[in-house]
Amino acid sequence: MSQTNSTEQLAAHYKEVISLLGEDPGREGLLKTPMRVAKAMQVLTRGYEMDAHQVLRDALFKEDYSQMVIVKDIDFFSLCEHHMLPFYGKAHVAYIPNGYITGLSKIARVVDIYSHRLQVQERMTLQIKECIEQTLKPLGVMVVVEARHMCMQMRGVEKQNSITTTSDFSGAFNQAKTRQEFMNLINNR
């Protein structure tokens with residue numbers, strides 16, 4: 001299906017949603033809303049069209065560096081798959097190379113790809129870790145994600161200041177000392 005065709009189909013569904021909510025989709029202020037929402041949803045879920053492993057492979061370099069590489073404070077926005085409301089925050093990613101490194105921006109790109117899908121924070125954390133682990137085959141990987149969830153702020157319990165933190169790690173990060181070094185480095189702002 002072409003991009004144009006799918007955009008038009010999404011827009012038709014959003015027009016119906018607007019009507020089902022009790023609004024008039026023919027009202028002047030809403031005339032273009034279905035198409036705007038359709039295009040926005042395609043941008044917000046563009047991660048389905050991208051291969052995070054290939055992004056890392058495209059910038060793989062042989063290097064004998066074997067100390068921790070950290071990319072922290074990677075801003076992201078995602079959509080909760082349960083309510084399709086945004087959750088957003090920062091991801092912190094570390095890996096210990098095992099003969100190969102990747103371009104630093106590629107780590108942020110991996111976060112971007114997985115966050116631009118319908119998600120839960122726990123799975124996103126795991127997917128980022130597994131992608132780096134499987135593609136770079138490092139001595140270890142650790143990912144920490146901190147996020148605010150609009151589904152908790154706008155509906156349900158309506159708690160405005162709660163932050164959810166998830167983490168996943170492998171290899172050398174199974175050692176408490178290595179994990180603590182990472183945590184100390186990302187918390188040193």
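Two strands pair if DSSP finds at least two bridges between them. Helices (H or I, at least four residues) and strands (E, at least two residues) are DSSP runs, numbered from the N terminus. By these rules, β2 and β5 are joined by two bridges and run parallel.

This is a predicted model, in which local features need pLDDT of at least 70 and side-chain atom pairs count only at pLDDT 80 or more, while totals for chains, interfaces and linings use all residues. Residues are numbered from 1 along each chain as its sequence is written, and side-chain values use heavy atoms, with hydrogens and water left out.

## The chain as a whole

The protein chain has seven helices and seven strands. From the N terminus on, their order is α-α-α-β-β-β-β-α-β-α-β-α-β-α. Along the principal axes, the C-alpha atoms of the protein chain fill a box of roughly 60 × 40 × 25 Å.

Buried means under 20% relative accessible area, exposed means over 50%, and partly exposed lies in between (1.4 Å probe, protein chains only). Of the 189 residues of the protein chain, 41% count as buried. Contact means heavy atoms within 4.5 Å. Among the contacts in the protein chain with a separation of 6 or more, 70% come from residues 24 or more positions apart.

## The sheet

Five strands form an open sheet with mixed pairing, in the order β5-β2-β3-β6-β7. Its edge strands are β5 (118–119) and β7, each of which pairs on one side only. The table lists the pairings in this sheet.

| Strands | Bridges | Direction |
|---|---|---|
| β2 and β5 | two bridges | parallel |
| β2 and β3 | nine bridges | antiparallel |
| β3 and β6 | ten bridges | antiparallel |
| β6 and β7 | eight bridges | antiparallel |

Ile70 stands opposite Ala94 in β3. Strands β2 and β3 form a hairpin with five residues between them, and Met84 in the turn has a positive phi of about 55 degrees.

Strand β3 covers residues 86–96, and its partner β6 runs antiparallel to it. Val93 stands opposite Val143 in β6, and Ile96 has Gly140 in β6 as its bridge partner. On to β7 (residues 164–171), the bridge partner of Glu146 is Thr165.

In a regular strand the side chains alternate between the two faces of the sheet. How many of the ten residues of β6 are buried? Eight of the ten are, and strand β6 (residues 140–149) is mostly covered.

Helix α7 (residues 176–187) lies across β2 (69–80), β3, β6 and β7. Helix α7 runs at about 45 degrees to β6. Here axes are lines fitted to C-alpha atoms, for helices over the stretch in contact, and angles run from 0 to 180 degrees between N-to-C directions.

## Two loop residues with positive phi

Lys137 is in the loop between α5 (121–136) and β6. Its phi is near 50 degrees, a positive value in a residue other than glycine. Is Lys137 buried or exposed? Lys137 has a relative accessible area of 57% and is therefore exposed.

Glu158 is in the loop between α6 (150–153) and β7. Phi of Glu158 is also positive, near 50 degrees, and Glu158 is not a glycine. With a relative accessible area of 47%, Glu158 is partly exposed.

## Helices α1 and α2

Helix α1 (residues 3–20) packs against helix α2 (residues 33–44) at an angle of about 125 degrees, and their axes are 7 Å apart. Angles under 35 degrees count as roughly parallel, over 145 as roughly antiparallel, 65 to 115 as roughly perpendicular and the rest as oblique. The two helices, α1 and α2, are therefore oblique to each other.

Which residues of α1 meet α2? They are Gln3, Ser6, Thr7, Glu8, Leu10, Ala11, Tyr14, Lys15 and Ile18. On the α2 side they meet Thr33, Pro34, Met35, Val37, Ala38, Lys39, Met41 and Gln42. By class, this contact has nine nonpolar, five polar and three charged residues. Ala, Val, Leu, Ile, Met, Phe, Trp, Tyr, Cys and Pro count as nonpolar, Asp, Glu, Lys and Arg as charged, and the others, Gly among them, as polar.

Thr7 lies in helix α1. Its relative accessibility is 7%, so Thr7 counts as buried. Leaving out residues up to four places away in sequence, Thr7 touches Met35, Ala38, Lys39 and Gln42.
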